[in-house]
Structures are given as structure tokens and as C-alpha cells.
Amino acid sequence: AVPGGVMLPIWLDPTLFAAISALLLALVFLHRRTASAAAPTAEAGAVLRAPPWQSPKLSETECFEAAVKAAPRLLGYLVDNEPQSLYGLYKQATLGDAPAGGAGGGLKARAKAAAWRAQAGKEAAACRAEYVALLDGVTKRAAACVLPPSLRQKPRCADLRCRVRILGTGHYLPPNIVTNREIERRGGLEPLSLDRARSGVTERRFAADDERASAMAAAAARQALEAAGVAPESLTCIVHASGTPEQCLPDGGPLLQRELGLGGSGIRAFSVHATCLSFLVGLETACMLLARADTPDDALILVCSSEISSRHVDPTDEHVAPLFGDGAAACVVRKASWREGSALHRAHMETYADGASLTEVRGGGTNFPFHRVDDRAAPNPAATREVNHFQMDGPATMRMVLQHGPGFMERLRPGLSSGLGDIAWVVPHQASGLALDAITDALGWPAERMLRTLDRLGNVVAASIPLTLHAGVTSGRIQRGDKLLLMGTGAGLSFGGMILTF
């Protein structure tokens, strides 16, 4: 209304027009979100497009074997008790009824034993058919599920065009080679049981009782400095990037500096700690320091990861004990000239702390001090053996990785969620054989372009990526001018990736 009692049309009334406009905008926004949420996911990749067990040329047994092989690619879509059901059906189909007696080990081992016993009395053929039918239902649900948050639009990583060059790499491996037979003997595990496991590790290195992580780091650093053709005294900065610290204070940076004979040099030395992604974070930190306007062109930065994880692993845990090994690796970086062509193109990291409890060592910090708070002379009964050993829920971790991984890769660089493009080599964190296979399959990456050291070194925490990088360089597979993708996951749960021209 206006003065005089004259009524205006709705589209001329400013109050009503603003309200209706806001409502229409809200409806448009809701429609777009609904349409986006209904889009099919990309995690299951080729499995969703053509489930391999549905080929008419396969026999009943071959269908089951194909389904078992493809199951890890669908872990992100299993709900409720489906993981336990698949495990129980597989065990019953291949081994028959579960052995009598209680299950040893922890809660996870008891849950798996219960899942197996739940299928007792079923014929192998019936279990195989039920296994395949369950996966059929999972694929149908996965193909129609809503788009997970990890694949919704987020800012993408820009090309950094940071001119840096890796001058040299080095490594140190403890001489003590530990085979699967030795792991079984130490943990009292069933003989030959690890040959049937899916860790992908056949041997690993263990540090001697008197070996220190800082000394291992220094050995790897000296090799990297020699490969780069530079003296330790010419370093500008030392970045220690490890997931298993040698001690609480000081951090590993000063300890490494001292081991290199540089204790009176004043060279900046510090640590970064992002568990298995520590090397990537350390390398990115080094690149950003080199990019500063006040950094001289001849500045040299050492990045080193050194891990002794064997002292934090429960030898009786059949799932964790075979995975880990010890070792150290390092690289030396400096600014690159335009003519050299080396560069850091992209670096990206995302963390999903909903998975923080899936992979952890709860001890070693302020939550579980070694002595009681009210009596410093008495030991703390809460600082048990369990809280001071590495613990992991592998299946739940894998589901989170498959849920968020493709979206993360797409944000690192568009197209990576379905192929490698011009990437010559992938240098991944060596988490486990199952994890490497599942990620390769889910993203459609050629397996022959994935560098692996897992079988002979195991998972060496943050040192896995630089050890694999060093192996690729020294074997001649990685050449100057190659574009590399360094990537992995870390406890937290965090995803990290870096694209560079070597």
C-alpha cells in the first residue's frame, strides 16, 4: 500500500518482492544441492561399470574368486555387519567350520572369529553364492548412492610454479633383514600364516637394539649430500620429518644436526610431524622456504625421514606386526633455474579427524605419563603395554580412504580421480599391499607406473615415500624431466599429495 490507500502490484511492493526473491533463490539452491547429491559416485570405478564376477564365461567358483578379488574396491560402501559377513562367508567357503576354542588376540580377532562361527554348518557352494549375492547388492547400492562430501565441489589446488630441484637422494637400511618366518616366530603366530595374509610384505629391516634414529638419518643424509655434490657445512636448513620421534625433547632436527657434526654451525634445524605424511610436509616446507624473496639462490635444504617403528609394534598382532619396517631416507633441494625445468607444481593436504582414532599410539604423551600424577615415584597403571603400541582398525581406515581419496585426488589436480595423464611415476606411501591395490583399482591408474618397495622394506612410516623415491632414482626408472606424483595417507586421517618435475 502507498499513501492514499492505493494498492501496488506485488512486483512493485519492495518488501514482498524481496521476500519472494529470497524464496526463489533458496529453491534454486536446494534444487542444485539435490541434483548434486543424486549424482553417482566414482569410488567403485570399473567394478560398478562391469562387476567382474558377473561375466557369463565364469564358472561358479571363478565368479566367487573374482568377487573376492574385487571386494577391496567396494570397502567404502559396506555398511552395518556387511564386512563381518563377507569375512565369515569367505572363511567358511574356503576352510569350512571355524576351529573349536576361543579366539586369541584382541577385540578385532574375536570379532572375526565370531563372524566365521556365524556361518557354521553351511556348505561351501552356498557360502560362495551368498558372498557373490551380497556384493551384487553392494554394487547396486553404490551405483545409486548420494555423492559423498569428499566429491562435492571444493577449491582446487593451483599450479604453484615453484622452481625447486631435488639435487640428490640417499637412504640407510639396517642390515638386519627380518623375514615372515621370523615375524611368526617372534609373535607366536601360526607357521606360514603370513603367506596367506594380504600385507604384501615378504621381508623388512629392523634396527639393532643400540641403533638410534638420528644416526640412521645422518647416514641417509650423508649419502644424499654426496649424490648432490655438496658438503654438510653448506646447508642452509635441516628439516627432520619423521613419524616416530627418538625422544620427546629436543626434537629430531637438532639431534640430526649433531650427528652430522654440525652442532656448532648455527644451521637452522627443526622437525615436522605428520605421521606417514611427514616427508611430504617437510618437502613442501623446504620448497616454501626456498621460495622466500630473501632466500639466496644457492641455498640448500636437507629433508630427512628416519623411522624405527619396530619398537612400537605388538609382535603378537598378526595384522600389524608383518607390515612395518625400519629405515631412513633423505634428499637435498635448492632453487632451480628456468633452464633446468624442475619445479613443484602442486601440493595439497586434507584431514578428516573423524578417523583420528582408527590409527593411533595413545601413549608417549601427556595422557598416559609414566608416573602417577599424585605420586611421581610410583608407576602409572594406565600406561599399559597396549596404549604404548601401535593400533589400527584396517577395514575402517580403508573405507575412509576409498570414501575421500578420489575427491582428494581430483582437487589435487583435475583428472587424477580417473587416470594419471602426463604423470610418469607415482611414488606412494607403502601402506600395505591391499591399500596400494585398492587405490590403483579405484582410480584407474596403471599398476606398472606405481613404484613399490613394500615387498622388501614394508611400511616404513614417513620414510616410505623418500625410500621409494630413492629406489626409483637409483634404479634409473625416474629420469630428469619426469613428472612425479608423491602421495599417501597418514594417521588423523590425512591425505597428502605433491606433483613435481624431477
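Guide: The charged end of Arg480 sits over the ring of Phe502, 4.1 Å from its centre; this label requires NZ of Lys or CZ of Arg within 6 Å of the ring centre and within 35 degrees of the ring normal. Likewise, the charged end of Lys91 sits over the ring of Trp116, 4.9 Å from the centre of that ring.

This is a predicted model, in which local features need pLDDT of at least 70, side-chain atom pairs count only at pLDDT 80 or more, and totals for chains, interfaces and linings use all residues. Residues are numbered from 1 along each chain as its sequence is written, and side-chain values use heavy atoms, with hydrogens and water left out.

Rings of Phe, Tyr and Trp (its six-membered ring) pair if their centres lie within 6.5 Å; planes under 30 degrees apart count as stacked, over 60 as edge-to-face and the rest as tilted. Phe324 and Phe390 form an edge-to-face pair, with 5.0 Å centre to centre and 70° between the planes. Both Phe324 and Phe390 are buried (under 20% relative accessible area; exposed is over 50%, partly exposed in between, with a 1.4 Å probe and protein chains only).

For Tyr352 and Phe495, the ring centres are 5.9 Å apart and the planes at 85°, so this pair is edge-to-face. Tyr352 is buried, with a relative accessible area of 15%, and Phe495 counts as buried at 3% relative accessibility. Elsewhere, Phe64, Tyr90 and Tyr131 form one aromatic cluster.
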